Amino acid sequence: MLSGLGAGALGTTIAMAAPEGAEAAAPSVRGTWTIAPKTARGPAPFHALAAFAAGGVFVTTGSDEAGTGLGEWSQSDASGFAFTYLNFHFDSAGKPANTVKVRAAGTFHGSQLSGRATLSTFDPSGKRLSPDARFTFIGNRVSIQAP
């Protein structure tokens, strides 16, 4: 009997958390995206996952280096967005090696997005290690798939 109550409470919680009306229908970049960056020399040698969460939380991870980028995002209009994130990198001894800061802006339409970004790299004391790198990116929304 208690397990039935738990399932009912869970269903009620989910129903209460679901957006309603215009908010549910409004297009949003919220969700998780696979990202393919491109530099002036061509496609970058890595891909990334980027998650735009409620409340402006941005999380990303790339296939090129260990670590998770954390930051903030905002939606500027019906299809525009911007984000900034930081990612700490460590040396083989586990000590801070550098910090990467990425600032980006773009647009999304349905399940695709595109934009431009600037990447800055700093040493542990905050000193810039190299000139900024600029790149463009495209992405596809990760969709729910049946098991």
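Guide: What follows is a walk through the aromatic pairs and then the nonpolar core.

This is a predicted model, in which local features need pLDDT of at least 70 and side-chain atom pairs count only at pLDDT 80 or more, while totals for chains, interfaces and linings use all residues. Residues are numbered from 1 along each chain as its sequence is written, and side-chain values use heavy atoms, with hydrogens and water left out.

The structure holds 9 aromatic pairs, where rings of Phe, Tyr and Trp (its six-membered ring) pair if their centres lie within 6.5 Å, and planes under 30 degrees apart count as stacked, over 60 as edge-to-face and the rest as tilted. One of these pairs joins phenylalanine 52 to phenylalanine 83 in an edge-to-face arrangement, with 5.8 Å from centre to centre and 75 degrees between the planes. This pair links distant parts of the chain, since phenylalanine 52 belongs to strand β3 (residues 48-52) and phenylalanine 83 to strand β6 (residues 80-90), 31 residues apart; strands here are DSSP runs (E, at least two residues), numbered from the N terminus. Both phenylalanine 52 and phenylalanine 83 are buried, that is, under 20% relative accessible area (1.4 Å probe, protein chains only).

Phenylalanine 83 also pairs with phenylalanine 137, and this pair is tilted, at 6.3 Å centre to centre and 45 degrees between the planes. Here too distant parts of the chain are linked, with phenylalanine 83 in strand β6 and phenylalanine 137 in strand β9 (residues 133-141), 54 residues apart. Phenylalanine 137 is buried, as is phenylalanine 83. Ring pairs link Phe52, Phe58, Trp73, Phe81, Phe83, Tyr85 and Phe137 into a cluster.

The surroundings of phenylalanine 137 can be listed as well. Leaving aside neighbours within four places in sequence, phenylalanine 137 is in contact (heavy atoms within 4.5 Å) with residues including Ile35, Pro37, Phe81, Phe83, Leu113 and Arg116.

A nonpolar core is a set of buried Ala, Val, Leu, Ile, Met, Phe, Trp, Tyr and Cys residues joined through side-chain atoms within 4.5 Å. In the largest such core, which has 19 residues, Val29, Phe52, Phe81, Phe83, Leu113 and Phe137 touch the most other members. The elements that give two or more residues to this core are β1 (31-39), β3, β6, β7, β8 (112-122) and β9, and β7 gives the most, with 4 residues.

Definitions and conventions. Buried means under 20% relative accessible area, exposed over 50%, partly exposed in between (1.4 Å probe, protein chains only).
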